[in-house]
Amino acid sequence: MKFIVGPVGSSQALASLESSTPQKIIQAAYASATEMGDGKRFPYHYQFNFTSDAQVKRHAELLARRGVKKVGLLIEDSAAGASSRDAM
């Protein structure tokens, strides 16, 4: 196998990268956990969507421009949820 497309979801993608990275298999997964964009840890992963850090930054900028001072968070128990929580 030379290329992998998927899986969808940060938790699933992080698990699969643990196997594909040592084998030097190029993988592109749809996942937003900030760790997914770590090129040193996952040099064969092609990131084609924004990480949680980038998404949180843009959302916070928009809310601040609109005068919002408090935000409630409902976070799922997954790699993507934990990454979003930590970025907030």
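**Reading the labels**

Tutor: Let's start with Arg41, which is partly exposed, with a relative accessible area of 39%. Keep in mind that this is a predicted model.

Student: What makes Arg41 and Glu18 a salt bridge?

Tutor: The rule asks for a side-chain nitrogen of Lys or Arg within 4 Å of a carboxyl oxygen of Asp or Glu. In Arg41 and Glu18, the closest N and O atoms are 2.9 Å apart, so the pair meets the rule. This pair links distant parts of the chain: Arg41 sits in the loop between β2 (26-30) and α2, Glu18 belongs to helix α1, and 23 residues separate them. Glu18 is partly exposed too, because its relative accessibility is 45%.

Student: Why would side chains like that pair up at all?

Tutor: Side chains of opposite charge can pair when their charged atoms come close.

Student: How many salt bridges does the rule give?

Tutor: The count comes to four. One of them joins the side chains of Arg58 and Glu61, 3.1 Å from N to O. Both residues lie in helix α2, three residues apart, which is about one turn of the helix. Glu61 is partly exposed, because its relative accessible area is 31%.

Student: Where is Asp38, and what lies 3.1 Å from a polar atom of its side chain?

Tutor: Asp38 is in the loop between β2 and α2. The backbone nitrogen of Arg41 lies 3.1 Å from a polar atom of the Asp38 side chain. With a relative accessible area of 33%, Asp38 falls between the two cut-offs, so it is partly exposed. Asp38 and Pro7 are 31 residues apart in sequence, and their C-alpha atoms are 17 Å apart in space.

Student: Is Ser20 buried or exposed, and how do you know?

Tutor: Ser20 has a relative accessible area of 3%, and the cut-off for buried is under 20%, so Ser20 is buried. Ser20 lies in helix α1 (residues 10-20). Leaving aside residues up to four places away in sequence, Ser20 touches Ile4, Ile25 and Gln27.

Student: What makes the link between Ser20 and Gln27 a polar contact?

Tutor: Their side chains are joined at 2.5 Å. A polar contact needs N or O atoms within 3.5 Å, with one able to donate a hydrogen and the other to accept it, so the distance is inside the limit.

Student: How do you know that the buried residues of α1 line one face of the helix?

Tutor: The buried residues of α1 are Ser10, Ala13, Leu14, Leu17 and Ser20. Seen down the axis of α1, they fall within an arc of 125°, so they line one face. These residues pack against β1 (3-8), β2 and α3.

Student: What makes a group of residues on the surface a nonpolar patch?

Tutor: Each member needs over 30% relative accessible area and no salt bridge, and nonpolar side chains are joined within 5 Å. Leu63, Val68, Val71, Leu73, Ile75 and Met88 form such a patch, with about 490 Å² of accessible area together. Take Ile75, in the loop between α2 (52-65) and α3 (79-87).

Student: Which pattern does the protein follow along the sequence?

Tutor: The pattern is β-α-β-α-α, with three helices and two strands. The C-alpha atoms fill a box of roughly 50 × 20 × 20 Å along the principal axes. Buried residues make up 31% of the 88 residues. The protein exposes about 6,200 Å², and carbon and sulfur atoms supply 57% of that area.

Key
Residues are numbered from 1 along each chain as its sequence is written. This is a predicted model: local features need pLDDT of at least 70, side-chain atom pairs count only at pLDDT 80 or more; totals for chains, interfaces and linings use all residues. Side-chain values use heavy atoms; hydrogens and water are left out. Patches are made of residues with over 30% relative accessible area and no salt bridge: like charges are joined within 9 Å, nonpolar side chains (Val, Leu, Ile, Met, Phe, Trp, Tyr) within 5 Å. Accessible areas come from the Shrake-Rupley method with a 1.4 Å probe; for residues, only the protein chains shown count as cover. Helices (H or I, at least four residues) and strands (E, at least two) are DSSP runs, numbered from the N terminus. Buried means under 20% relative accessible area, exposed over 50%, partly exposed in between (1.4 Å probe, protein chains only). Contact means heavy atoms within 4.5 Å. The arc is that of the directions from the helix axis to the C-beta atoms.
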